[in-house]
Amino acid sequence: MPPSFTGFAVFDLETTGLSIRRHDRIIEIGVVRFDEDFDLVEEWETLINPERDIGASEIHGLTASDLRDAPTFAELLVDIWHRFEGAIPVAHNLAFDRRFLLAEFQRAGVEIEQFDGLCTCKLVEELDLSTPSARLEDVCRSLGLPIGDAHSAGHDAKMAAEILKRIENPASLVEDLVPPSCPSLWKRGATPLGVTRQKARETPMRSALHTLARRVERESVSDGASRGQLDEYLLILDRVLDDRIIEEAEIEELSFFADECGIQPSELDTLHERYVSALAAAALGDGVVTDAERRDLYRVSDLLGVSRSKAESLLEVDQLPSEFETEDLSGLTVCFTGTSRCRIDGELLKRDQLEALAESFGLVPKRGVSKKLDLAVLADPDSMSGKAKKAREYGVRIMAERVFWRKLGIDVG
């Protein structure tokens, strides 16, 4: 047994893709740390913001919104390394995960020497299993182990750890292995905290309009806003929420309009709740509220300062007024970016279907973003794709995909 050996670090990664050369990045890591006697020391996982497009959401189940507030790999250097120092790394596809891990450290300016470890994908050969493949889920199923949330780094690390524990005398396999070490990182303090999927999704976004009421004049020379002006405020708000992001300039626009029309601060909350109510009505239109529709409702509620519990209660109302209007977008050029999460008749829309459907409404699909583009439709509002970045840089009008279809009057799940 090597003198610095202190146990095993069973880990798993989720990445934006399969190729480091194509600049794919780590977006989630899960680590299960055992001591030399296989007693559990720690289970740790965190999301990682890759600062780029997140790749195939349909595989890893993550969205750019999930990663919006996650730390970058550079910010997690110490926390990650503390889970590996002195331990033999173990992964179900060690060569793949090791390659990505070393590349991320190098990108962050820290050179970690190439290290050896154990690959449970290869070790299962010793178990003489009748399994259709060496895939993690198939191996666990053959061993009668519980199947966690596949392609979730935390769950996959736990499943790989359970496989390792089924190997007879795994400690004998590490006699010639030297645990990796990086004193410069090990000497710095670490934290047990991480941003998990659950935490990212349960933590409300801070309301982007939290300062709006303070900006509206408390004493207006107007006698108060008319019903028409209140409706117009909602129309402006709807346009602001096209991309499901509220910029400082847009808050100024809303503040100026509210002040000019005499909309009182107390009325703003009512208007914002009315908007959320209309969105809930749209989601309830077909009688089924999908996970994507609920997440969109929560996002808008967060942005407007309406509690999620209130938004959820609106989904239980039998009848709500739907105030959204369609918009004539015919003649506009449009570019789609990201993998669609919208469904028609239960089927996810593919890129050619998106473009054909848009074309049937008179829009002109484009494959690239230029300064002349009229509309960029994002599958994920927080997308960090090259197309999304260009659209923001060029000032192109941006819409979240679900909003785009609603503008056209198309009901998507």
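Tutor: Arg 244 lies in the loop between α11 (227-240) and α12 (248-261). The model is predicted, so local features need a pLDDT of at least 70 and side-chain atom pairs count only at 80 or more, while totals for chains, interfaces and linings use all residues. Residues are numbered from 1 along each chain as its sequence is written, and side-chain values use heavy atoms, with hydrogens and water left out.

Student: Why does Arg 244 count as buried?

Tutor: Buried means under 20% relative accessible area, exposed means over 50%, and partly exposed is in between (1.4 Å probe, protein chains only). Arg 244 has 1% relative accessibility, so it counts as buried.

Student: How do you know what to call a helix or a strand?

Tutor: Both are DSSP runs, numbered from the N terminus: helices are H or I with at least four residues, strands are E with at least two. On that basis the chain has 18 helices and 11 strands.

Student: What makes β2 and β3 a pair?

Tutor: Two strands pair if DSSP finds at least two bridges between them. Strand β2 (residues 26-34) and β3 share 7 bridges in the antiparallel sense, so they pair. One of the links joins Glu 28 to Leu 47 in β3.

Student: What about β4 and β5: how many bridges join them?

Tutor: There are 2 bridges between these parallel strands, so they meet the rule of at least two. Val 90 has Leu 118 in β5 as its bridge partner. On the β1 side, β4 pairs in the parallel sense over 3 bridges, and Ala 9 is bridged to Pro 89 in β4.

Student: Which strands stand at the edges of the sheet?

Tutor: The open sheet has 5 strands in the order β3-β2-β1-β4-β5, with mixed pairing. β3 (40-47) and β5 (118-119) are at the edges with a single partner strand each, so one side of each has no neighbour in the sheet.

Student: Why would α13 be called roughly antiparallel to α14?

Tutor: Angles run from 0 to 180 degrees between N-to-C directions, and axes are lines fitted to C-alpha atoms, for helices over the stretch in contact. Under 35 degrees counts as roughly parallel, over 145 as roughly antiparallel, 65 to 115 as roughly perpendicular and the rest as oblique. Helices α13 (residues 265-283) and α14 (residues 291-304) pack at about 175 degrees, their axes 10 Å apart. That makes the two roughly antiparallel.

Student: How confident is the predictor in the chain?

Tutor: pLDDT is the predictor's confidence in each residue, from 0 to 100. The chain averages 89, and 96% of the residues score at least 70. Residues 218-222 are below 50.

Methods
Contact = heavy atoms within 4.5 Å.
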